[in-house]
Amino acid sequence: MGFAHSHDHSHGHAGPAHSHGHGHGHGHSHAPKDFGPAFAIGVALNTVFVVVEAAAGWLYDSMALLADAGHNLSDVLALLLAWAASEAAKRPPQGRFTYGFKSSTILAALANALLLAIAVGAILLETAHRLFEPSEPQGAVMAIVAGIGVAINSLTALLFMRGQEDLNIKGAYLHMAADALVSLGVVVAGLAIWWSGIALIDPLASLAILAVIAWATWGLARDSVKLGLNAAPAGIDVEEVRRHLGALDGVTAVHDLHVWPMSTTETALTAHLVMPRGEGSDAFLRDAARSLRARFGIGHSTIQVERDETAACEHPC
């Protein structure tokens, strides 16, 4: 349920008078809050599979299996980080952490991007070596082991199908779904080697897997860095928000508009609205907060009303 609070303060100045109303709107997600069991099962299944796949890749000289195992290891770490961030985000504000620990989900995304980049570099070095000195991998073994990976990654993805409105949970779902497709690629490569006997297919398949991982890593790194720099979330057009606020009844100008992510799932806004006729009532502030939540998904808004038409921000808006 969403709710809004408003507080009016009058301040006397040696000049034009200003009346300030502060409206605070808070939106709450209806997504299931406890994904602990899903994370626990996903981590356990993928940890066991990483050990099995890495061992098979080493014993049967399959760089594609080793590359996929390295990717799945990063997935285990990613699930652990997402799990830790999800739990930390539930903690209430305390002391100097007046926003709580919601932004830990952004830090987790940055850490996951770094882990993936390290994994890509390590696997790329070994794959380059195998291109010049190809071994003789067992195609049938590759297909069987990777087939198990398809099943495990698909099952893990299903654990996170609910709660798609939570981007942290949605990220875990999409990551595991993509991994199922990567493992399917290794199955195809294994069957191709078994049928043709061409060993070079193995490192080439590894390069294809690396390309998929690198693409996902770049997207994750780009988006998480933007969030870390307090950029407005990708789905929110700041100028459209400005126009929306400017069109509210009685508003003649909007300045000091700021939109930033509190976490990967929650967005905050502050804005000054110039209302010369002084209509900034509690009901107006509540309605403004509700409209921002309904139209843009901005659940935490603080609006200050000013009656002086000459009011301007003292710094870049």
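This is a predicted model: local features need pLDDT of at least 70, side-chain atom pairs count only at pLDDT 80 or more; totals for chains, interfaces and linings use all residues.
Phe 39, Trp 83 and Phe 160 form one aromatic cluster. In one of them, the ring centres of Phe 39 and Phe 160 lie 5.0 Å apart with their planes at 55°, so the pair counts as tilted. Phe 39 is part of helix α1 (residues 36-59), whereas Phe 160 falls in the loop between α4 (139-159) and α5 (167-196); the pair therefore ties together parts that are 121 residues apart in sequence. Both Phe 39 and Phe 160 are buried.

**Overall architecture**

The protein has eight helices and five strands. Along the sequence these elements follow the pattern β-β-α-α-α-α-α-α-α-β-β-α-β. Of the 317 residues in the protein, 45% are buried. The protein exposes about 16000 Å², and carbon and sulfur atoms supply 66% of that area. Among contacts between residues at least 6 apart in sequence, 73% join residues at least 24 apart.

**Nonpolar cores**

The largest nonpolar core has 23 residues, and those with the most contacts inside it are Leu 65, Met 142 and Val 186. Helices α1, α2 (63-89), α3 (104-132), α4, α5 and α6 (201-228) each supply at least two residues of this core. Leaving aside residues up to four places away in sequence, Leu 65 touches Glu 53, Ala 56, Gly 57, Met 142, Val 145, Ala 146 and Val 186. A second, separate core of 20 residues includes Ile 236, Leu 257, Val 259 and Ile 303.

**Surroundings of His 244**

His 244 is found in helix α7 (residues 238-246). With a relative accessible area of 13%, His 244 is buried, because this value is under the 20% cut-off. The side chains of His 244 and Arg 295 are joined by a polar contact of 3.1 Å. Arg 295 is also among the residues that His 244 touches, together with Ser 291, Leu 292 and Phe 296, when residues up to four places away in sequence are not counted.

**Selected side-chain distances**

Another arrangement concerns a charge and a ring: the charged end of Arg 91 sits over the ring of Phe 101. The table sets its distance beside those of two pairs described above.

| Residues | Kind | Distance |
|---|---|---|
| Phe 39 and Phe 160 | Aromatic pair, tilted | 5.0 Å between ring centres |
| Arg 91 and Phe 101 | Charged end over ring | 4.6 Å from the ring centre |
| His 244 and Arg 295 | Polar contact of side chains | 3.1 Å |

Terms used
Residues are numbered from 1 along each chain as its sequence is written. Side-chain values use heavy atoms; hydrogens and water are left out. Rings of Phe, Tyr and Trp (its six-membered ring) pair if their centres lie within 6.5 Å; planes under 30 degrees apart count as stacked, over 60 as edge-to-face and the rest as tilted. Helices (H or I, at least four residues) and strands (E, at least two) are DSSP runs, numbered from the N terminus. Buried means under 20% relative accessible area, exposed over 50%, partly exposed in between (1.4 Å probe, protein chains only). A charge sits over a ring if NZ of Lys or CZ of Arg is within 6 Å of the ring centre and within 35 degrees of the ring normal. A nonpolar core is a set of buried Ala, Val, Leu, Ile, Met, Phe, Trp, Tyr and Cys residues joined through side-chain atoms within 4.5 Å. Contact means heavy atoms within 4.5 Å. Accessible areas come from the Shrake-Rupley method with a 1.4 Å probe; for residues, only the protein chains shown count as cover. A polar contact is a pair of N or O atoms within 3.5 Å; within protein, one must be able to donate a hydrogen and the other to accept it, and residues adjacent in sequence count only if both atoms are side-chain atoms.
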